[in-house]
Amino acid sequence: MPQHSWRHLDADHRAALAILRERGVPFSLDRATDLRFDPVALADLGIRFMKLPADLMIEAAEQADGRYAGPELDVRDFASALRRQGIRLIAERVDEGDMVPVLCDLGVPLAQGFVFAGPRPVKPEVAGEPTAPQPFGLEDAPTLLRRAG
């Protein structure tokens, strides 16, 4: 669910999510627009994965004190603070090779983006689409008979 949705849960939504969490359903926070969050509160909601835009983390790391805005966690502590709460940090939209070393220095354990693999068509067998049956004709069959005579 987007970061905005997690921030605006009402009591009914929290109760519904609690039922799913108790049944072992892991949740993910994505589409983050800022880096303000409380790892303990997110873990209490059942979030197990947090996808943060790589450019936001890198921009925060380049600032003098590493904070995005206000008294939140330093960006250099994100990965370890989340890990202590059982949440895995994923950097998303890693589109340039020079982003990777910075994310490694920040301790980001997982990342995704065009720098790792560009988009490509999905193979039909992966997408679950049935493959067309291959015609079978005698011209394609191996010759197993010997000539008599």
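Reader: What makes up the accessible surface of the protein chain?

Author: The accessible surface comes to about 10,300 Å², and 55% of that belongs to carbon and sulfur atoms. Accessible areas come from the Shrake-Rupley method with a 1.4 Å probe; for residues, only the protein chains shown count as cover. This is a predicted model: local features need pLDDT of at least 70, side-chain atom pairs count only at pLDDT 80 or more, and totals for chains, interfaces and linings use all residues. Side-chain values use heavy atoms, without hydrogens and water, and residues are numbered from 1 along each chain as its sequence is written.

Reader: Why is Ala60 called buried?

Author: Buried means under 20% relative accessible area, exposed means over 50%, and partly exposed lies in between (1.4 Å probe, protein chains only). Ala60 has 0% relative accessibility, so Ala60 counts as buried. Of the 149 residues of the protein chain, 33% are in the buried class.

Reader: Where does Ala60 lie?

Author: Ala60 is in helix 4, residues 54–62. Helices (H or I, at least four residues) and strands (E, at least two) are DSSP runs, numbered from the N terminus. The protein chain has seven helices and four strands. Ala60 and Val75 are 15 residues apart in sequence, with 6.4 Å between their C-alpha atoms.

Reader: What makes Lys51 and Glu92 a salt bridge?

Author: A salt bridge needs a side-chain nitrogen of Lys or Arg within 4 Å of a carboxyl oxygen of Asp or Glu. The closest N and O atoms of Lys51 and Glu92 are 3.9 Å apart. That value is within 4 Å, so the pair qualifies. The pair links distant parts of the chain: Lys51 sits in strand 2 (residues 47–53) and Glu92 in strand 3 (residues 88–92), 41 residues apart.

Reader: How do you know whether Lys51 and Glu92 are buried or exposed?

Author: Lys51 has 18% relative accessibility, so Lys51 counts as buried. Glu92 has a relative accessible area of 9%, so Glu92 is buried.

Reader: Which salt bridge does Arg93 form, and why is Arg93 classed as it is?

Author: Arg93 pairs with Glu92, with the closest N and O atoms 3.5 Å apart. Arg93 has a relative accessible area of 46%, so Arg93 is partly exposed.

Reader: What about Asp74 and Arg76?

Author: Their side chains meet in a salt bridge at 3.1 Å, N to O. Asp74 is buried because its relative accessible area is 14%. Arg76 is partly exposed because its relative accessibility is 39%.

Reader: How many salt bridges does the rule give?

Author: The count comes to six.
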